[in-house]
Amino acid sequence: DCKRIQTFTGSHPRPSMANIEAGRKIYDLVDQSTEGDLIIAVISGGGSALLCPTKDECEQGIKLYDLSIKSGAKITELNTLRKHTSLLKGGGLAKIAYPATVIGLIFSDVPGDNFENVASGPTYKDVTTAEDAGNIIKQHNVDEGEFVFNETPKEDKYFEKVHNFVLVSNQTAVIEMQRKSVELGFEAQIVSTELYAPVDEALGQIFSAKKQNTVVLGAGEPKVNILNKSGRGGRNLHMGLTALGKNLIDSDSVFVAFASDGMDNTDSAGAIVDKHTIEKMQKLNLNVNDYLQNFNSYLFFEQTGDLITTGPTGANVSDLMILLNRHQSS
């Protein structure tokens with residue numbers, strides 16, 4: 001019950017007309033500011049879909065999201081397109097707020113340190129261009145005429161009184177996991193906080209760093225091309241099942257991939273994969289390749305009892321991966 005704060009409910013990850021009212025209120029509030037005003041913007045993942053102040057922008061946002069699902073476009077590409085169809089994203093909020101002072105408090109769900117992509121960067125000066133947006137569309141063989149791309153604010157004056165502070169990111173999570181690993185007596189190696197590669201490649205990067213008494217850590221959003229719709233699961237569940245299918249798990253290994261928001265496209269955050277998973281798989285006579293081909297990782301891990309179920313965590317700093325290798329036996 002926010003007595004002093006007006007709240008709105010919108011849809012995510014696919015925008016809807018419900019998002020327009022809130023977007024319009026934000027636009028009007030910022031547009032009315034003056035040089036003596038201080039604007040505090042709390043910016044988190046999901047803002048790209050939620051922040052659309054006009055019907056036209058919302059409709060284009062729906063098309064862009066659907067395009068990204070069908071084409072396998074990276075989130076960075078999708079956010080570039082979003083920036084160039086928006087009044088507020090890509091530094092648009094900073095321009096409209098000028099000459100007021102703007103404080104951006106950033107909760108990043110974007111892998112790595114690409115903080116200008118969180119919510120498509122309403123308070124960051126955009127380094128991409130409308131031409132870049134057009135090239136992305138062409139690259140994915142889409143009719144460019146379906147979209148209208150505008151240039152984002154490039155003048156330095158709009159950003160002179162903008163101050164962005166990154167409060168939480170996947171680096172925050174991984175560095176703390178590294179600290180805890182060392183505290184527990186393990187060596188710890190961070191392979192990457194920007195794992196965007198296909199699942200096979202991401203697993204290769206993680207497992208190539210494997211050695212005794214070491215915790216290998218990674219974070220990102222590995223890519224999965226879904227070839228049919230017969231199954232149920234998410235990136236992390238598919239990653240765990242692929243590790244099984246590629247025989248990467250041995251008696252000394254525990255592999256965990258999970259969505260930090262607690263929902264890996266399902267009510268599960270991810271799965272724990274270890275020697276016990278293999279034992280249960282063999283006992284139940286489960287064929288890993290059948291489940292992989294049908295993209296049905298959820299059902300597989302539901303049967304082995306290896307799902308991680310946290311419920312929604314209320315936070316998102318991308319997906320996180322842990323490869324734990326036990327102490328060397330004496």
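Author: Contact here means heavy atoms within 4.5 Å. The model is predicted.

Reader: Fine. Which residues in H4 meet which in H6?

Author: On the H4 side they are Glu 77, Thr 80 and Leu 81. Their partners in H6 are Asp 132, Ala 133, Ile 136, Ile 137 and Gln 139.

Reader: How do the residues of that contact divide into nonpolar, polar and charged?

Author: There are 4 nonpolar, 2 polar and 2 charged residues in the contact of H4 with H6.

Reader: And the geometry? At what angle do H4 and H6 pack, and how far apart are their axes?

Author: Two packed helices are described by the angle between their axes and the distance between the axes. For H4 (residues 75-83) and H6 (residues 130-139), the angle is about 130 degrees and the axes are 9 Å apart.

Reader: Why call that pair oblique?

Author: Roughly antiparallel needs an angle over 145 degrees, and roughly perpendicular covers 65 to 115. The angle for H4 and H6 is about 130 degrees, so the two helices are oblique to each other.

Reader: Left-handed or right-handed crossing?

Author: Left-handed, as H4 passes H6.

Reader: Changing topic: which residues touch the most other members in the largest nonpolar core?

Author: Ile 206, Met 239, Leu 244, Phe 255 and Phe 300 do, in a core of 30 residues. Apart from that core lies another one, of 14 residues, including Val 30, Leu 88, Ile 96 and Val 102.

Reader: Back to Phe 300. What does it touch, not counting residues up to four places away in sequence?

Author: Leu 241, Leu 244, Thr 277, Met 281, Leu 286, Val 288 and Tyr 291.

Reader: Backbone next. Where is the peptide bond cis?

Author: Pro 13 sits in the segment before helix H1 (18-31). The bond from Tyr 98 to Pro 99 is also cis, and its omega is near 5 degrees. Pro 99 belongs to the loop between helix H5 (92-97) and strand E2 (101-107).

Reader: What is phi of Asn 141, and is that residue buried or exposed?

Author: Phi is near 55 degrees, a positive value in a residue other than glycine. Asn 141 is exposed, at 73% relative accessible area, and is found in the loop between H6 and strand E3 (162-168).

Reader: And Ser 318, buried or exposed?

Author: Buried, because its relative accessibility is 1% and the cut-off is under 20%. Phi of Ser 318 is near 75 degrees, again positive in a residue other than glycine. Ser 318 lies in the loop between strand E8 (307-308) and strand E9 (319-325).

Note on methods: Residues numbered from 1 in each chain as written. Predicted model: local features only at pLDDT ≥ 70, side-chain atom pairs only at ≥ 80, totals over all residues. Heavy atoms only, no water. Axes fitted to C-alpha atoms, helices over the stretch in contact; angles between N-to-C directions. Helix = DSSP H or I, 4+ residues; strand = E, 2+ residues; numbered from the N terminus. Parallel < 35°, antiparallel > 145°, perpendicular 65-115°, else oblique. Left-handed = near helix turned anticlockwise from the far one by under 90°. Nonpolar A, V, L, I, M, F, W, Y, C, P; charged D, E, K, R; others polar. Core = buried A, V, L, I, M, F, W, Y, C linked by side-chain atoms within 4.5 Å. Buried < 20%, exposed > 50% of the residue type's maximum accessible area, 1.4 Å probe, protein only.
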